[in-house]
Amino acid sequence: MISQEDTKHIAKLARLGLKETEIKKFQKDLSSIFNYFNSLKKVDVLNIEPTFHPAEHYLKERLDVMRQDKAESQPEQVVDSLIAAAPDKKKRHIKVKAVFK
Amino acid sequence: MNNLTIVQAHKGLLEKEFSALELTKFFLNKIKKQDKKISAFITVTDDLALSQAKEVDKLISKGKKVPILAGVPVAVKDNILVEGIKATCASKVLEDYIAPYDATCIKKLKELGAVILGKTNLDEFAMGSSTEHSAFFSTKNPHDLTRVPGGSSGGSAAAVAADLCCYALGSDTGGSIRQPASFCGVNGLKPTYGTVSRYGLIAFASSLDQIGPITKTAQDAEIVFDAISGKDELDSTSVESKVTNYKLQITNLKIGIPKEYFIKGIDPEVEKIVKQAIKKIEEMGAKIEEISLPHTEYALPIYYIIMPSEASANLARYDGIKYGLSKSNKDLLGVYLKSRADGFGDEVKRRIMLGTYALSAGYYDAYYLKAQKVRTLIRHDFDKAFKKVDAIFTPTSPFPAFKLGEKIKDPVSMYLSDIFTASVNLVGLPAVSVPVDSVGKLPVGLQIIGKPFEENKILEISKIYE
């Protein structure tokens, strides 16, 4: 069972401002989902390497992840629409609340 | 113009049975009349579709040779960006978000003259198996309006099944193309990881997400896959797929049947139908071999650790600053907390919490790292199996479409919908769901899993069920 304290802590890490009723609900949900993971305890993974990327084993030669370290400029129109999507802005700058008091 | 496949629509356009504009108007009208009861579409893009259709008609009237997808109407899942059109991801967070550019797959389709009819409903951020987690409305299964279309690409699958488009695009993270294709009685292809660029697909779980076609036939799936696949500079995980001209010879085929996929809890009617489908290919001369994928039972638990972990990181971008829903508050942290709390629905919050927990100090090794190691064992299972067989047959889903509301309150029972589909994403393999029969009026899909880059082979095999 995941404690209420842990649930609150996780919500804070995840930057979710949850209500008390939500904390209670997610505490219950997370506990039952983590119970479902218990079967994993019996799997022996000694000396087994993790697979972080599903295709790395069959793409070894072909997966060229790195590109040239070169800035590719975007058309002005795309830049404008990206800035236009920001909720709070001043000219071509996105406004953010002050971080330091 | 009813029930046209891509191939038939193309033929009709070339033979001037109808113009692209007539075809587009036919679908737009049909959507207006029939989508009230199905609710497959979030946005219908009349103006875009009509202008694209007119362009194609101009080319045809000049006697130009047009690509097979030119003038053929398509529906697009609303987590794929179409420039200038809303991309909501069925979330309040992106309710008013307008895509600033085209996804690579959309750019490719547009270059081929595709006609985009609109954006289809999904579970919010593609998180779900029924499309009931859409922040806006639930989509209904065209075969039975009291039932779900599956998910998360439920809008796309329902639109194809109800003939509201010739074909559709979906995305598949743990079964989100194949399971709704199975529930709606259409074809759904989840391609090999990396073959279709993810640029412009709103990120959910990046090591699992893949865009693919939902179509009326296997031949149509091949056409769309050829059109959208290929290496893309804008997605560093994309690769050029080897184009294989595969000639099917059934008598040379070895089909593997994993015993772990025929388990207690599977609907007996579904089991019967899938076994009949296996018998059919056996009678045509294929060799059937029972195989074992011994770590199958761990696939779903590790999927529900890896997927939310990646999702919790990907969805950190919705902070109320750069785009999307923003709630003002006294300080910066307050903006984050409030924007995210008000914007995300329950299922999205649940998965962000799950992922954050699995990645947090003290739990990382026990959950996330352990899951990635078990993922290696699942990969070894498939590697071993594919040394012996050419393709693996399983049911796509343990049950046919369930009732609206039936599983929404119980997350774990909803998660079980992905039990036969999630393994494939964990190891990056291609798989198709093909409709083989139905229980009453509810379709049942057969899943055919192939080796990496063997999309053509599994699609060719699936044609025997048409």
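Predicted model: local features only at pLDDT ≥ 70, side-chain atom pairs only at ≥ 80, totals over all residues.
A compact globule of 101 residues would have a radius of gyration near 13 Å, whereas the value computed for chain A is 23 Å. Buried residues make up 17% of the 101 residues in chain A.

A:Pro75 is located in the loop that lies between H2 and H3 of chain A. Because 9 other C-beta atoms are found within 10 Å, and a residue with 12 or fewer counts as exposed, A:Pro75 is classed as exposed. Between the C-alpha atoms of A:Pro75 and A:Val96, which are 21 residues apart along the chain, there is a separation of 25 Å.

Chain B, in turn, contains 15 helices and 11 strands, and its C-alpha trace extends over about 70 × 65 × 45 Å along the principal axes. For 466 residues, a compact globule would have a radius of gyration near 23 Å, and the 21 Å found for chain B agrees with this expectation. Of the 466 residues of chain B, 62% count as buried. When the contacts in chain B with a separation of 6 or more are considered, 75% of them are accounted for by residues 24 or more positions apart.

The two chains touch each other through 45 residues of chain A and 54 residues of chain B. On the side of chain A that touches chain B, helix H1 (4-13), helix H2 (20-36) and helix H3 (76-84) of chain A each supply at least two residues, and the largest share, six residues, comes from H2(A). Divided by class, this side of chain A comprises 31 nonpolar, seven polar and seven charged residues.

Attention now turns to the nonpolar packing. In soluble globular proteins, nonpolar side chains tend to be buried together. In this model, the largest nonpolar core has 158 residues, and those with the most contacts inside this core are B:Val74, B:Leu117, B:Ala159, B:Cys165, B:Ala168 and B:Ile448. The element that gives the most to the core is helix H9 (residues 296-314) of chain B, with 10 residues. The surroundings of B:Ala168 can be described in detail: leaving aside residues up to four places away in sequence, B:Ala168 touches B:Val74, B:Ala75, B:Val76, B:Thr120, B:Ser156, B:Ala159, B:Val160 and B:Ile214.

Helix H9 of chain B also packs against another helix. The axes of H9(B) and helix H11 (residues 346-359) of chain B come within 7 Å and cross at roughly 100 degrees. Because angles of 65 to 115 degrees count as roughly perpendicular, H9(B) is described as roughly perpendicular to H11(B). From H9(B), the contact involves B:Ile305, B:Pro308, B:Ser309, B:Ala311 and B:Ser312, while H11(B) contributes B:Arg351, B:Ile352, B:Leu354, B:Gly355, B:Thr356, B:Ala358 and B:Leu359. By class, the residues of this contact between H9(B) and H11(B) divide into seven nonpolar, four polar and one charged.

Methods: Residues numbered from 1 in each chain as written. Chains lettered and ligands numbered in written order. Core = buried A, V, L, I, M, F, W, Y, C linked by C-beta atoms within 7 Å. Buried ≥ 20, exposed ≤ 12 C-beta atoms within 10 Å, placed from the backbone. Helix = DSSP H or I, 4+ residues; strand = E, 2+ residues; numbered from the N terminus. Contact = placed C-beta atoms within 7 Å. Nonpolar A, V, L, I, M, F, W, Y, C, P; charged D, E, K, R; others polar. Rg over C-alpha atoms; globule rule 2.2 N^0.38 Å. Axes fitted to C-alpha atoms, helices over the stretch in contact; angles between N-to-C directions. Parallel < 35°, antiparallel > 145°, perpendicular 65-115°, else oblique.
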